[in-house]
Amino acid sequence: MDAFLNKKYKLSTSEKFDEYMKALGVGMMTRKLGNTVSPVVELTKSDDGKLVLSSNSTFKNSSIAFKLNEEFDEETPDGRKVKSLIVQDGNKLVHTQKCDKHSDTTIVREFEPEQLKMVLTVDDITCTRIYKPVQ
């Protein structure tokens, strides 16, 4: 993953994000706002060796610091409290979120030189978001 550290990717296309958010119980106003922004995602490494995944937009900024293969508590941008685990599979980070109140979700982030492909799954809904490098 070192090859993709400190690179910024901006949202270019998004399919079924509204359906994904709706399945998670996100309210209509937040969904409308979430569908209008183009966040910039960046993967960095902190001084203590943790990976930091940040997403910044005009609507909301969020970041999570984690160690691969170690479960951690996370509050998602929509306010859900989940138990998360992120594992590396080649150039992919596979992020599983377990929640008592909603279905579990999986977010696969596939890092490539020309794009970051994010596939979000909850129940039978799959959302695909493509991010392009920011120069």
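N69 is found in the loop between β4 and β5 (72-75), where helices (H or I, at least four residues) and strands (E, at least two) are DSSP runs, numbered from the N terminus. The phi of N69 is positive, about 65°, although N69 is not a glycine. At 55% relative accessibility, N69 counts as exposed; here buried means under 20% relative accessible area, exposed over 50%, and partly exposed in between, with a 1.4 Å probe and protein chains only.

N6 also has a positive phi, near 65°, in a residue other than glycine. N6 sits in the segment before β1 and is exposed, with a relative accessible area of 53%.

## About the model

This is a predicted model, in which local features need pLDDT of at least 70 and side-chain atom pairs count only at pLDDT 80 or more, while totals for chains, interfaces and linings use all residues. Residues are numbered from 1 along each chain as its sequence is written, and side-chain values use heavy atoms, with hydrogens and water left out.

## The annotated domain

The UniProt record, an unreviewed entry, carries the annotation "domain: Lipocalin/cytosolic fatty-acid binding" for residues 9-132. UniProt positions are given in the numbering used here, feature names are shortened, and annotations may be inferred rather than shown by experiment. Over residues 9-132 the chain is 56% strand and 13% helix. The end C-alpha atoms of this stretch are 5 Å apart.

## The largest pocket

How much volume does the largest pocket have? The value comes to about 700 Å³. A pocket is an open set of points on a 1 Å grid over the protein atoms alone, where a 1.4 Å probe fits, with protein on both sides within 12 Å along at least five of seven lines; lining residues have an atom within 4 Å of a point. Grid points are joined across faces, edges and corners, and a volume is the space filled by probe spheres set on the points.

Of the 34 residues that line the largest pocket, F17, S55, S62, P77 and D78 are the closest to its centre. Strand β4 (residues 61-66) gives the most to this lining, with four residues. By class, the lining has 16 nonpolar, 11 polar and seven charged residues. In this scheme Ala, Val, Leu, Ile, Met, Phe, Trp, Tyr, Cys and Pro count as nonpolar, Asp, Glu, Lys and Arg as charged, and the others, Gly among them, as polar.

## The nonpolar core

The largest nonpolar core has 28 residues, a nonpolar core being a set of buried Ala, Val, Leu, Ile, Met, Phe, Trp, Tyr and Cys residues joined through side-chain atoms within 4.5 Å. Y20, L43, F66, L93, F111 and Y131 have the most contacts inside this core. Elements that each supply at least two of its residues include β1 (8-15), α1 (17-23), β2 (40-45), β3 (51-56), β4, β8 (105-112), β9 (115-122) and β10 (125-133). Strand β9 gives the most, with four residues.

How many disulfides does the model have? The count comes to zero, with a disulfide taken as a pair of cysteine sulfur atoms within 2.5 Å. C99 is in no disulfide, and the nearest cysteine sulfur, that of C127, is 18 Å away. C127 is likewise in no disulfide. Both cysteines are buried: C99 has a relative accessible area of 14%, and C127 has one of 0%.

## Positions in loops and at a strand

Let's visit some individual residues. P39 is placed in the loop between α2 (28-36) and β2, where P39 is buried, with a relative accessible area of 7%. P39 and D18 are 21 residues apart along the chain, and their C-alpha atoms are separated by 15 Å. F59 lies in the loop between β3 and β4 and is partly exposed at 37% relative accessibility. Between the C-alpha atoms of F59 and T30, 29 residues apart along the chain, the separation is 9.5 Å.

S103 is found in the loop between β7 (92-98) and β8. S103 is partly exposed, with a relative accessible area of 29%. T126 lies in strand β10 and is partly exposed, with a relative accessible area of 37%. The C-alpha atoms of T126 and E19 are separated by 8.7 Å, although the two residues are 107 residues apart along the chain.
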